[in-house]
Amino acid sequence: MAQNVVYADLKFAEGSPSTVPDEDDSPYENVLPGPVTAAPSPEHSPRRWHIPKALLPASLVLLLLLLVTIVALGACYWQVTRSLQDTSRDHAAEQGRLSQELSAREQSLEQAWMELAWARAELQQAQHEGNISQKELESLNTELGLVMEVLGKTEKEMQEVQGKLNKSKSTVSSLRACVNTDCCPSGWVLYRSKCLFISVQKMSWLSSMNDCKQKSAQLLVQDGWLPLTVPHFVQESTEKYWIGPSSFYDRKVASKWQDSSQTSKTSCRAIANGKIVLYSQCRSFFHWICEKSPKLSSTSETQPPLLAK
């Protein structure tokens, strides 16, 4: 507890003690009243430790070593903790993977058992069908014999067709012999056993047909399933050429064409860009192609009827 302390500035007079002190030499002349703090008791007075200076470097070294040891132990603890965490995660992942693999193995085993049962059933069915297949094989062999017989007949027919083809080739060679003669009229072209007239002018389909009639000919009759019987320059030309109706046209329509009584339902055929095209506008002006049989010599007139067509 704080107490008031009085500070005194004492002065001692020189001389004998019996001498009466002067007023100026009063020991209380400089005394000032003020608060006095309590003097510390011996029990609570702080003690000051005096460390020898020679021990300070050693203490610092020990402190540094202690700090390094703590840091090293902390790093080791962190590494060990992290390693334990990684090991725990790896263990959990491995356990999950093994669980999935075990489940997959169980499913695969179940599926294998099912497939085994299915294979057994298939084997029994195959054995049953094997007996039936043997009978079918015998019937197939019988059919094969029949097919071989038909094939032999077909080969004979091919030989006959080949003979006809050879005759046709001889006919073509005889027709080629009349290229430099009067087989076709002047201005006509001999092409594939036909005399063709390819116009330079353009007219409607009806006028083209009449012009061919005046020349004792007809518009070129070209079936769609046969190759075009016109020269290559006509096939490659961008011009359009009127031709006659084909054999598979309706007879009523064809007769109307031949009678020149065309209706709105009739269509006329023409060659355009190397193809046969139907045109509903028969009054369009195109080129046209007439055909007629060539005049064969006496030797060629004795050929089969196919040559005169």
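The buried residues of helix H2 are Trp205, Ser208, Met209, Asp211 and Cys212, where buried means under 20% relative accessible area, exposed over 50% and partly exposed in between (1.4 Å probe, protein chains only). Seen down the axis of H2, these buried residues fall within an arc of 160°, so they line one face of the helix; the arc is that of the directions from the helix axis to the C-beta atoms. The structure is a predicted model, in which local features need pLDDT of at least 70 and side-chain atom pairs count only at pLDDT 80 or more, while totals for chains, interfaces and linings use all residues. Residues are numbered from 1 along each chain as its sequence is written, and side-chain values use heavy atoms, with hydrogens and water left out.

**Overall architecture**

- The protein chain contains 4 helices and 7 strands; helices (H or I, at least four residues) and strands (E, at least two) are DSSP runs, numbered from the N terminus.
- Read from the N terminus, the order of the elements is α-β-β-α-β-α-β-α-β-β-β.
- Of the 309 residues of the protein chain, 19% count as buried.
- Among contacts between residues at least 6 apart in sequence, 71% join residues at least 24 apart, a contact being heavy atoms within 4.5 Å.
- The protein chain exposes about 24,700 Å², of which carbon and sulfur atoms supply 59%; accessible areas come from the Shrake-Rupley method with a 1.4 Å probe, and for residues only the protein chains shown count as cover.

**Disulfides**

- A search of the whole structure finds 3 disulfides, each defined as a pair of cysteine sulfur atoms within 2.5 Å.
- Cys184 and Cys195 form a disulfide with their sulfur atoms 1.9 Å apart, and this link is left-handed, with -80° about the S-S bond.
- Cys184 lies in the loop between helix H1 (55-176) and strand S1 (189-191), and Cys195 in strand S2 (residues 194-198), so the pair ties together parts that are 11 residues apart in sequence.
- Cys184 is buried at a relative accessible area of 15%, and Cys195 is buried at 0%.
- Cys212 is joined to Cys290 by a disulfide with an S to S distance of 1.8 Å; this link is left-handed, with -80° about the S-S bond.
- The pair links distant parts of the chain, with Cys212 in helix H2 (residues 205-214) and Cys290 in strand S7 (residues 287-292), 78 residues apart.
- Both Cys212 and Cys290 are buried.
- Cys268 and Cys282 form a disulfide with their sulfur atoms 2.0 Å apart; the torsion about their S-S bond is about 110°, so this disulfide is right-handed.
- Cys268 lies in strand S5 (residues 268-272) and Cys282 in the loop between strand S6 (275-279) and S7, 14 residues apart.
- Both Cys268 and Cys282 are buried.

**Further local features**

- Cys76 counts as partly exposed, at 43% relative accessibility.
- Helix H2 is followed by Ser216, whose phi is positive, near 55°.

**Surface patch**

- Leu60, Leu63, Leu66 and Ile70 form a nonpolar patch on the surface, with about 410 Å² of accessible area together.
- Patches are made of residues with over 30% relative accessible area and no salt bridge, with like charges joined within 9 Å and nonpolar side chains (Val, Leu, Ile, Met, Phe, Trp, Tyr) within 5 Å; a salt bridge is a side-chain nitrogen of Lys or Arg within 4 Å of a carboxyl oxygen of Asp or Glu.
- Leu60 lies in helix H1 and is exposed, with a relative accessible area of 54%.
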